[in-house]
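Reader: I am new to reading structures. Could you take me through this one, step by step?

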Amino acid sequence: MSASPPSPVVQLARPREHVELSQVEYLKARTGSPAIDRIFDLALTYIQRADEAHRAGRKVVYGGGMTDAPIIHAADTFPCVFPELGRLAGDASVALAEDHFRIARETCSMVKATMGELLKRKPLFKRLINYCSLCEPYNAAFEVLKDEGYDIYSVDLPYRPEGVSGERFDSLVDFAEQELLGLATWLGGAYDEVRLGSEIRRLNRLHAKVRRVLDLQVASPDYIGTLETLFVWNGANHNYGVPGEYEALLDQLIDELERFAARGVESSRVPIVWAGGRGQEFGLYKLFDDLNGYIASWTMTGLLLRDYDESLRPLRAVAHNTVIGMGGPGGSKDQLPHLEDAIRRTGSKGIVFYGYFGCSFSSVNFEVLKKHFNQQGIPSLILDGSFQTGAPSGQNVTRLKAFMEMVQ
Amino acid sequence: MRGDGGVQPKRAGYFCVYTPVELLAAAGATPVRLFKGGDANTVNSGEVHTRSFFCQFAQYSVGAFREADPLYRSVDKLYHFNTCDQMKKAVEAIGEFFDVPYRMLCLPRERSRPAAREFMRREVEFMQRDVEELTGNRVSEAALGEAIAAYNRARRWLKAISELRKLDDPPLTGGDYLELVKAFYYLPVDKAVAHFEKLHARLSEEPPTVERPLRVMVSGGIVADGDDRLVELLEDELGTRIVVEDHCTGLRPFYQEIPEDLPPLHALADGYLDSAPCARMKPLSERLDFTERLAREYRVDAIVYVSLKFCSCYAITGNAFSKRFEKLGIPVLEISSDYSESDLGQLRTRVGAFLELLRKGETDVRVPA
């Protein structure tokens with residue numbers, strides 16, 4: 001532990017000239033938090049390290065951002081989360097996918113950006129995990145990618161309809177367990193239950209630490225900014241391929257945050273709940289900080305941080321968590337308790353729903369949820385953005401600015 | 001109440017052909033397939049609760065409830081097997097914004113896996129309990145077996161009628177065939193069967209001609225009841241003959257039958273999973289194999305592949321589809337369609353140019369969307 005408490009990053013250490021930087025430049029810049037700086041380094045080198053692991057003869061798979069994470073870790077495989085490829089993907093990747101696969105322009109930009117990147121990365125590793133119930137465009141896209149030589153395992157997860165419980169819920173979990181056993185076998189040949197149990201306990205421990213980071217940020221929001229917490233979140237399951245180091249960085253960050261909180265710095269920053277996708281339109285996240293706000297909860301994806309039930313058999317625990325944590329693609333209203341909890345815990349003043357233009361499920365989710373929160377008098381805003389890196393649309397910036405003005 | 005004083009049977013609405021109608025019928029409900037489309041105003045109405053980038057059929061379906069279409073509003077409950085994201089979410093929107101009760105069920109994608117079979121059986125069982133609750137009638141094995149047999153008879157006749165289109169000059173048009181498909185979905189099954197049987201007999205007696213119009217297959221996403229413009233363009237304006245449909249409102253759902261030698265619930269689960277696959281099912285290769293089989297059986301000269309704008313399943317896999325048939329030497333025209341009127345001229349030009357090339361014998365054409 002260092003002798004003096006760290007300085008708040010957002011107000012003191014982050015120079016204003018960073019406002020116009022690209023996301024990559026922003027990640028390269030030093031934040032004032034040693035732990036965050038290192039997490040940014042891990043994010044920036046993540047894909048490159050996956051490639052190196054592959055070249056060194058290690059098993060590497062595109063996957064690991066979801067509840068497949070403990071299974072991948074247990075199979076001694078490096079998880080390379082394919083949405084992270086989005087950090088590499090700009091409009092050129094989208095155009096490549098549109099051209100090579102003749103995908104319609106209106107298709108979700110996340111899918112196109114990923115496909116473009118995967119096409120460029122064809123000579124590298126080719127194993128990929130698809131969680132079937134998550135997204136229809138990806139389902140179709142991955143079928144097409146098979147023709148490019150990709151070895152794709154589709155985990156045919158059940159969709160959890162709204163309000164399902166009891167016997168039918170158990171039936172969904174039974175099916176998910178069978179499918180996840182298939183995944184474990186595909187990954188490693190023999191399924192090692194003891195090892196999976198150990199990974200589940202490790203991830204539960206990590207998730208608790210991620211939650212602690214976020215709680216500390218809510219208590220004292222001036223130390224780290226919005227993009228910083230996003231990258232802490234992002235690594236929660238895949239750990240940027242270095243589980244030990246990632247956990248050590250969480251410990252270090254918690255220490256930094258606790259020492260900053262001990263200074264009792266008053267903050268006027270306005271907490272907002274973010275619900276939906278986490279695209280690469282860096283400028284939107286930055287805008288929260290610039291407008292004296294911050295994202296206090298990354299909900300929906302946050303469902304992935306639910307603890308695995310250690311009283312269940314390990315594979316059952318993963319299946320159970322998968323069905324419960326279906327998030328966006330599950331029943332719309334099943335997300336309400338999580339959002340309400342996030343608002344209550346963080347004292348957030350509103351919700352921003354964010355989906356990608358062309359997303360096949362989020363739009364109705366958002367309409368249903370927005371209706372509910374309107375009735376509760378909680379302000380909300382729906383934004384349709386794009387996944388690939390680049391500046392956010394002027395329209396989204398204007399709308400977000402107006403929203404932040406309103407909630408303040 | 002019915003006009004005769006009896007109790008009106010419950011009306012069970014559904015959108016997708018993976019819904020086991022036999023179960024609805026065996027419980028005494030009236031199955032109503034909701035597959036209208038083609039009207040831009042209804043789409044616009046549905047957009048209020050969805051988004052501009054939502055599939056037009058899904059938007060139409062929401063819009064039809066919003067516009068209080070009598071057929072749509074007549075249903076007591078919706079049953080929806082989770083086929084694609086957008087229809088799943090459309091059903092949720094209908095439930096949320098128009099207070100229509102619905103039951104969502106799961107449909108596995110990896111249909112050949114044993115776990116998928118078992119799971120589908122359990123989902124069909126859950127559906128049975130739900131339908132029994134809706135109608136107040138217990139579904140007996142015997143009643144379900146009878147319903148399976150009745151719907152199989154209808155499928156058999158529709159397939160038999162379709163096979164008459166294998167003749168050089170088919171005795172019915174593609175447009176005619178779509179009308180028969182509507183009869184399957186809108187009439188009581190026994191009435192439909194009687195109608196099909198008579199029609200088959202009459203069409204079988206049509207004297208053969210020496211003509212051989214250009215034979216076209218229409219493949220892709222749903223061609224809704226009311227979305228007539230492509231069929232009219234191909235057949236009425238441009239003189240081709242649609243001899244087979246590889247979509248869910250044409251021949252495809254009638255190509256295979258539900259097994260009658262298995263316990264009924266088991267038969268429904270297996271039968272629907274084994275039915276001719278749509279683009280949502282995995283692997284894609286099985287769907288393409290099926291289309292190829294149809295193309296060979298019906299000796300098609302060309303394929304018009306239609307995907308509705310914002311349809312993830314058919315739009316993204318369109319290129320893989322075209323490449324498969326390119327290798328087989330069957331020209332494909334890919335069309336991205338919607339329910340607006342504004343692009344009819346453009347559509348006419350594209351389809352016309354494609355057919356002109358075909359007629360000139362330049363059969364290696366492939367005109368992308």
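**Helix H13 of chain B**

Author: Helix H13 of chain B covers residues 312-328, 17 residues in total, and reaches 25 Å from its first C-alpha to its last, close to the 24 Å expected at 1.5 Å a residue. Helices here are DSSP runs of H or I with at least four residues, strands are runs of E with at least two, and both are numbered from the N terminus. The expected span is 1.5 Å times one less than the number of residues. This is a predicted model, in which local features need pLDDT of at least 70, side-chain atom pairs count only at pLDDT 80 or more, and totals for chains, interfaces and linings use all residues. Residues are numbered from 1 along each chain as its sequence is written, while chains are lettered from A and ligands numbered from 1 in the order in which they are written.

Reader: On which residue is the kink in H13(B) centred?

Author: The bend at a residue is the angle between two axes, one fitted to the seven residues ending there and one to the seven starting there. In H13(B) the kink is about 45 degrees.

Reader: How many residues of H13(B) are buried?

Author: A residue is buried if 20 or more other C-beta atoms lie within 10 Å of its own, exposed if 12 or fewer, and partly exposed in between, with C-beta atoms placed from the backbone. The buried residues of H13(B) include Cys313(B), Gly318(B), Phe321(B) and Phe325(B). H13(B) is mostly covered, and the count is 12 of its 17 residues.

Reader: Which residue is joined to Pro283(B) by a cis peptide bond?

Author: Most residues other than glycine have a negative phi, and most peptide bonds are trans. Pro283(B) sits in the loop between helix H11 (264-274) and helix H12 (284-297) of chain B. Omega of its cis bond is about -5 degrees, and the partner is Lys282(B).

Reader: Why does Asp99(B) count as exposed?

Author: Asp99(B) lies in the loop between helix H5 (85-98) and strand E4 (102-105) of chain B. Its phi is near 55 degrees, a positive value in a residue other than glycine. Asp99(B) is exposed because the number of other C-beta atoms within 10 Å is 8.

Reader: Is Asp76(A) buried or exposed?

Author: Asp76(A) is in the loop between helix H4 (69-74) and strand E2 (77-80) of chain A. It is not a glycine, yet its phi is positive, about 55 degrees. There are 12 other C-beta atoms within 10 Å, so Asp76(A) is exposed.

**Inside the chains**

Reader: Which residues does Leu249(A) touch, not counting those up to four places away in sequence?

Author: Leu249(A) is found in helix H11 (residues 243-262) of chain A. It has 24 C-beta neighbours inside 10 Å, so it counts as buried. Two residues are in contact if their C-beta atoms, placed from the backbone, lie within 7 Å. Leu249(A) touches Ala35(A), Arg38(A) and Ile39(A).

Reader: How many residues are in the largest nonpolar core?

Author: A nonpolar core is a set of buried Ala, Val, Leu, Ile, Met, Phe, Trp, Tyr and Cys residues joined through C-beta atoms within 7 Å. Ile71(A), Phe353(A) and Leu23(B) are among the members that touch the most others. Leu23(B) has contacts beyond four places in sequence that include Val124(B), Met127(B) and Leu268(B). The core has 239 residues.

Reader: What percentage of the residues of chain B count as buried?

Author: Chain B has 14 helices and nine strands. Its C-alpha trace spans about 60 × 45 × 45 Å along the principal axes. Of its 369 residues, the buried part is 53%.

Reader: What percentage of the residues in chain A are buried?

Author: Chain A has 16 helices and eight strands. Its C-alpha trace spans about 55 × 45 × 45 Å along the principal axes. Of its 408 residues, buried ones make up 56%.

**Where the chains meet**

Reader: Which helix gives the most to the side of chain A that touches chain B?

Author: Here 36 residues of chain A are in contact with 41 residues of chain B. Helix H7 (136-145), helix H8 (166-188) and helix H15 (362-376) of chain A each supply at least two residues of that side of chain A. The one that gives the most, with six residues, is H7(A).
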